[in-house]
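Work through the exercises below with the model open. Each task is followed by a worked solution.

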Amino acid sequence: MRAAREFNFDGLVGPSHNYAGLSFGNVASFDNVKSASNPRLAALQGLAKMHALAQRGFAQAVLPPQGRPNFALLRSVGFTGSDADVLAKAHRDAPVILASAYSAAPMWTANAATVSPSADTADGRVHFTTANLNCKLHRSYEHAQTTRTLRAVFANPQHFMVHEALPATPAFGDEGAANHGRLCAGHGAAGVEMFVYGRAEFDSAAAAPKRYPARQTREASEAVVRLHGLQPARTVLLQQDPAVIDAGVFHNDVISVANGNVLFYHEQAFLDEAASVQKLHQAMHALGAEFIPLRVAASAVPLADAVRSYLFNSQLITKADGKMVLVVPQECEENPAVARYLQELIASGGPVDELLSFDLRQSMRNGGGPACLRLRVALTDIEARAMRQGVVMDDDLYVCLVNWVGRHYRDRLAPDDLADPQLAIEVQAALEELSLILGLPGLYKS
Ligand code: SUG
């Protein structure tokens, strides 16, 4: 097995972080619509998580926010004049479209792309497919900048291949790594890639949710498998139970998380639990690897508590001693059923023997927990050296970014502030400076 480390690329919260209620089916986004946000605190909460994990010796990096507002979107739907005119007219006539142009959502980099490490792909390169996120207006524009950012960070064509997003049509709805997991004996070993979809466009008999949208299609997952050159025997496609989508589980990473040879999941996660787990068992067995399903029963943690606490939107990370740490949002400790379950899990003698809890409330209020905030990229040492180094989190970068946030971020943003032309100017100045800090000049020039 080659040596490889898993890097977590966390999204840096942008200077216009806000709550606009744009994600139907994401309960937190809807519940907090139009409340005031604190962009400075949001960014510092995210940075504190990145720094703490980097200090523990885990490989940690950062992905920059996207340019806001998206004037191209506003102008493409008929708002004209100076930038200030465009903002004023959009605020007056279509505040939801203005909020979409100011969407905070690129911070959740689990939705940036699906990533297959070089140990799994036919050409031995690390493959990325940028997610088209075409289920939601406010997210459907992210992919252009995401592709540009990934190509800037992973610029070396000998080691990396960044695919364009899939065609932006309902048949290919793709939400990236949030509906993808990888099971393996070690990050450098060949693994089993697990793709979880919510509906199948071309199979009218397939189950589908009734209340909320299924954002990921089977057709999109199959396309990513082809693009990345994955082996069929080491690829497992599963369907998420539509009933849990209707209960607010809008991405699979709200109901399961895989790491190493462990799948931590809620018993209601998959359409046919026994058959789904059996497929994973078989694929891992064929690799000669052990598979450890960590099943959480609804009697221990009811589905509603799992969604409210975001228990499964945790990061499961392998430590140097081979045991795993579960990185949870603070809400898990505040939920009695979840807190009880977690104490038992740690004491059980199983693979997870430590909990780390973070206050990520500014992100959680939009439906984004620890796992939403990061994109996992397993890299060999050679690959890690081949990527741009300015994004790797260490003490110096942390201090530099905390100071940068202090210089540029407001501590309160209310919905009407999005019409303020000064905000757009502030955001642009902040991001230009950031691109230089991260060693990615020109990132925001299209
Ligand atoms: O797509 N929220 C995001 C949350 C994404 C969470 N990601 C993962 N589960 N991996 C979404 O629903 C809310 C934005 C707003 O309402 O202002 C939003 O887009």
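**Exercise 1.** How many Å apart are the mean positions of the positive and negative charges of the chain?

Solution. Start from the counts: the chain of this predicted model carries 39 positive and 45 negative charges. Take the mean position of each set.

**Exercise 2.** Classify the ring pair of Phe154 and Phe160.

Solution. A search of the whole structure finds 10 aromatic pairs. In this one, the ring centres lie 5.1 Å apart and the planes meet at 70 degrees. Planes over 60 degrees apart count as edge-to-face. The pair is therefore edge-to-face. Next, check burial. Phe154 has a relative accessible area of 3% and is buried. Phe160, at 4%, is buried too. Finally, look for partners: ring pairs join Phe154 and Phe160 with Phe7, Phe9 and Phe128 in a cluster.

**Exercise 3.** Classify the pair of Phe264 and Tyr341, and say which elements it ties together.

Solution. The centres are 6.3 Å apart, with 20 degrees between the planes. Planes under 30 degrees apart count as stacked, so this pair is stacked. Phe264 belongs to strand β10 (residues 262-266). Tyr341 sits in helix α12 (residues 336-347). The pair thus ties together parts 77 residues apart in sequence. Phe264 is buried at 1% relative accessibility, and Tyr341 is buried at 11%.

Terms used:
Residues are numbered from 1 along each chain as its sequence is written. This is a predicted model: local features need pLDDT of at least 70, side-chain atom pairs count only at pLDDT 80 or more; totals for chains, interfaces and linings use all residues. Side-chain values use heavy atoms; hydrogens and water are left out. Rings of Phe, Tyr and Trp (its six-membered ring) pair if their centres lie within 6.5 Å; planes under 30 degrees apart count as stacked, over 60 as edge-to-face and the rest as tilted. Buried means under 20% relative accessible area, exposed over 50%, partly exposed in between (1.4 Å probe, protein chains only). Helices (H or I, at least four residues) and strands (E, at least two) are DSSP runs, numbered from the N terminus. Lys and Arg count as positive and Asp and Glu as negative; His and the chain ends are not counted. The place of a charge is taken as NZ of Lys, CZ of Arg, CG of Asp or CD of Glu.
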